[in-house]
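Thank you all for coming; I would like to walk you slowly through one structure this morning.

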Amino acid sequence: MTAIPRDELLSPDDYGFLSLVAKKFGIVNYKLTGGEPLVRKDAHEIVRALNENGLHVTMSTNGYFLKEKSKDLSEAGLERANVSLHSLNLGTFSYLTGTNGKYLEKVIEGINEALSYGIDIKLNFILMNSNKNELKSIVDFASSKGVNLNLIELIPLGTPKNVYEREHFQVKSGFEYLEKVSVKKYIREFQNRPVYVLPNGVEVTVIIGYGNPYLCSKCSRLRLTPEGRIKTCIFVEDKYVDILKEIKNRDEDGVAEGLRKAVLLREPYFKFGGEKNVHQNG
Ligand code: SF4
C-alpha cells in the first residue's frame, strides 16, 4: 500500500473550510471513522475545526488510544465516541481482534476515561458466531455504564471471505432476547434502525448493514476520504467526486458543486425488490 503524501491529505483547516461550505447545505453532523481515526495525531484538531463551526462531531474508534486522547478530544468538543467492543471475554476478544489481553483492558479504561471527561459513549458490538453467547453480558455491561449499544450484523465488506463465512451470524436471532428485556421499541428515522429501550433508558440499536433495503431507503450519508473524495456509499467504489483541489484552493463554489454532484450520484444500494436483499426490518 502506498502512503498518501502528507500535503495531499486533508488538514484540520481543510476540514474546517469544507464544513463551513457544507453547513450551507444543512450538513451539520460529522463522524470521524477509519481505519482508526485516532492514529492521526491531529484527530482532536480536526474535531476542534468542525466543532468551532458549530457542528456535531462524533467518532468511531477501536478505543485503543481513547484513554490518552480523551482529555484533548473532550476539550476539542467531541460529543460521542462509538467504541468497538466485540467481547468482554479476554480469550474471545483477543481472538477476534488478533491482540493480547492488555488490549481489552485498555479499551475499557478508554471508555471510562472518555466518560469521565463528559464524552458520550456508544458501544459497537458485532454479533458473531464466536460471541453469540455474550448478548446478555454486553447488554448488561452497557446498561451498567449507562451507555447505548449498537448491535451490528457482520457485513462481507472488509471481512476476509473465510472469516465472514465462519463468523457471520444473523442478528435477528437476538430479537427475542431484546423484546424480553426492553420496555419499548421504536424505529429511528435515520436508516430505519430498530431501537430497543431498556428499563433504565439505555437504548440498543440494531444495525443490519448488508442486504437491507430498509436501511438504505433512509440513508443520507456521504463519506469524505482523507484524500478529499466524496463517496456515496460504503459499498460503491467507482462513483465518487474528487474535491481535493477545490478544498485546498479554498474554492467555495467548486466545493459546493462537488457536494451537489455527490448528492445527485447517491442512491439506495439495496433496493426493495432487488436481488441482493436478504433482510427485513426488525
Ligand atoms: S446506501 Fe450504502 S451506506 Fe447507505 S445504508 Fe445502504 S449500503 Fe449503507
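Is the crossing of α3 and α5 left-handed or right-handed? Before I answer, please keep in mind that what we are looking at is a predicted model.

Let me begin with the pair in my question, and with the two values that we need: two packed helices are described by the angle between their axes and by the distance between those axes. For α3 and helix α5, which covers residues 101–116, the angle is about 20 degrees and the axes are 8 Å apart. Angles under 35 degrees count as roughly parallel, and therefore α3 is roughly parallel to α5. As for the question itself, α3 and α5 cross in a right-handed way. On the side of α3 the contact is made by L66, K67 and S70, while α5 brings in K106, E109, G110, I111, E113 and A114. Sorted by class, the contact of α3 with α5 holds three nonpolar, two polar and four charged residues.

Now let us turn to the other neighbour of α3. Helix α2, residues 43–51, and helix α3, residues 66–76, have axes that come within 8 Å and cross at roughly 15 degrees, which makes α2 roughly parallel to α3. Here, too, the crossing is right-handed. From α2 the residues in contact are H44, V47, R48 and N51, and from α3 they are K69, D72, L73 and A76; among these, three are nonpolar, two are polar and three are charged.

The next pair involves α5 again. Helix α4, residues 90–97, and α5 have axes that come within 8 Å, crossing at roughly 100 degrees, so α4 is roughly perpendicular to α5. L90, F93, S94 and T97 of α4 meet G101, Y103 and L104 of α5, and this contact has four nonpolar residues, three polar ones and no charged ones.

Finally, let us step back to the whole chain, which is divided into domain 1 (1–9 + 225–268) and domain 2 (28–221), with 26 Å between the centres of the two domains, taken over C-alpha atoms.

Key
Residues numbered from 1 in each chain as written. Predicted model: local features only at pLDDT ≥ 70, side-chain atom pairs only at ≥ 80, totals over all residues. Axes fitted to C-alpha atoms, helices over the stretch in contact; angles between N-to-C directions. Helix = DSSP H or I, 4+ residues; strand = E, 2+ residues; numbered from the N terminus. Parallel < 35°, antiparallel > 145°, perpendicular 65-115°, else oblique. Left-handed = near helix turned anticlockwise from the far one by under 90°. Contact = placed C-beta atoms within 7 Å. Nonpolar A, V, L, I, M, F, W, Y, C, P; charged D, E, K, R; others polar. Domains from an automatic or database assignment.
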